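Q: I've got a new structure open and want to get to know it. Can we go through it together?

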Amino acid sequence: MKKIMLFMVLATLIYACNQGRTSVKVSKTATRYEMTAIYPERKTASVLLALKDSFKDQDTLLLNKNLGTGKELSLANGAVFYLRFNPGKLEMEFLNAKNDQKGFDFFDKLVREVKSAVN
């Protein structure tokens with residue numbers, strides 16, 4: 001009986017420790033730039049703040065859309081990219097064919113800001 005209780009306590013401890021994990025994956029190729037961030041839900045507010053800081057002025061309204069299912073966003077600065085945002089997970093994909101250098105620079109800065117908000 002003691003072994004079963006010890007096993008259950010260890011399993012619960014391992015599960016609880018894994019709930020706070022953070023993973024940020026960034027991939028750049030000749031055709032696309034992608035980022036996936038998985039983080040504890042308690043950091044969702046700081047990720048949302050990083051997004052709001054990036055989507056200034058009229059682009060702030062884009063955050064009112066249902067981004068949990070994923071949307072292609074077209075910003076006032078000309079940047080076009082796919083974004084899916086849920087508590088604990090953010091996915092972004094930027095296609096070079098749909099954007100210019102200004103859009104790339106914006107997306108690159110956004111990725112860096114989200115990475116710092118998550119870490």
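Q: Let's start with one residue. Is Glu-113 buried, partly exposed or exposed?
A: Glu-113 is partly exposed, with a relative accessible area of 24%. Keep in mind that this is a predicted model.

Q: Which residue does Glu-113 meet in a salt bridge?
A: Lys-109. The N to O distance is 3.8 Å.

Q: Where do Lys-109 and Glu-113 sit?
A: Both are in helix 3. They are four residues apart, so about one helical turn separates them. Lys-109 is partly exposed too, at 43%.

Q: How far apart are the closest N and O atoms of Arg-112 and Asp-108?
A: They are 3.5 Å apart. Arg-112 and Asp-108 are four residues apart in helix 3, which covers residues 101–118. That again puts about one helical turn between them.

Q: And Asp-108, buried or exposed?
A: Buried. Its relative accessibility is 18%, and buried means under 20%.

Q: How many salt bridges does the count come to?
A: Seven. Another of them joins the side chains of Arg-84 and Glu-91, at 2.8 Å from N to O. Arg-84 is partly exposed at 28%, while Glu-91 is buried at 19%.

Q: New topic: rings. How many aromatic pairs are found in the whole structure?
A: Eight. One of them is Phe-94 with Phe-104, and that pair is edge-to-face. The ring centres are 6.0 Å apart, with 70 degrees between the planes.

Q: Which parts of the chain does that pair link?
A: Distant ones. Phe-94 is in strand 5, residues 89–95, and Phe-104 is in helix 3. They are 10 residues apart.

Q: What is the accessibility of each?
A: Phe-94 is buried, at 1% relative accessibility. Phe-104 is partly exposed, at 23%.

Q: Which residues form one aromatic cluster?
A: Tyr-33, Phe-55, Phe-81, Phe-94, Phe-104, Phe-106 and Phe-107.

Q: How do strand 4 and strand 5 run?
A: Antiparallel, joined by six bridges. Their hairpin has two residues between the strands, and Gly-88 takes a positive phi near 90 degrees there.

Q: What about strand 3 and strand 4?
A: They also pair in the antiparallel sense, over four bridges. Ser-74 has Val-80 in strand 4 as its bridge partner. In this hairpin there are five residues between the strands. Gly-78 takes a positive phi near 100 degrees.

Q: Now the core. Which residues touch the most other members of the largest nonpolar core?
A: Phe-55, Phe-81, Leu-83, Leu-90 and Met-92. The core has 25 residues.

Q: Which elements give two or more residues to this core?
A: Strand 2, helix 2, strand 4, strand 5 and helix 3. The largest share comes from helix 3, with seven residues.

Q: Why would nonpolar side chains be buried together?
A: In soluble globular proteins, they tend to be.

Q: What does Leu-90 touch, not counting residues up to four places away in sequence?
A: Its contacts include Met-35, Val-47, Leu-51, Leu-83 and Val-114. Arg-84 is among them too. That is the Arg-84 from the salt bridge with Glu-91.

Technical notes: Residues numbered from 1 in each chain as written. Predicted model: local features only at pLDDT ≥ 70, side-chain atom pairs only at ≥ 80, totals over all residues. Heavy atoms only, no water. Salt bridge = Lys/Arg side-chain N within 4 Å of Asp/Glu carboxyl O. Buried < 20%, exposed > 50% of the residue type's maximum accessible area, 1.4 Å probe, protein only. Phe/Tyr/Trp six-rings, centres within 6.5 Å; stacked < 30°, edge-to-face > 60°. Core = buried A, V, L, I, M, F, W, Y, C linked by side-chain atoms within 4.5 Å. Contact = heavy atoms within 4.5 Å. Pairing = 2+ DSSP bridges.
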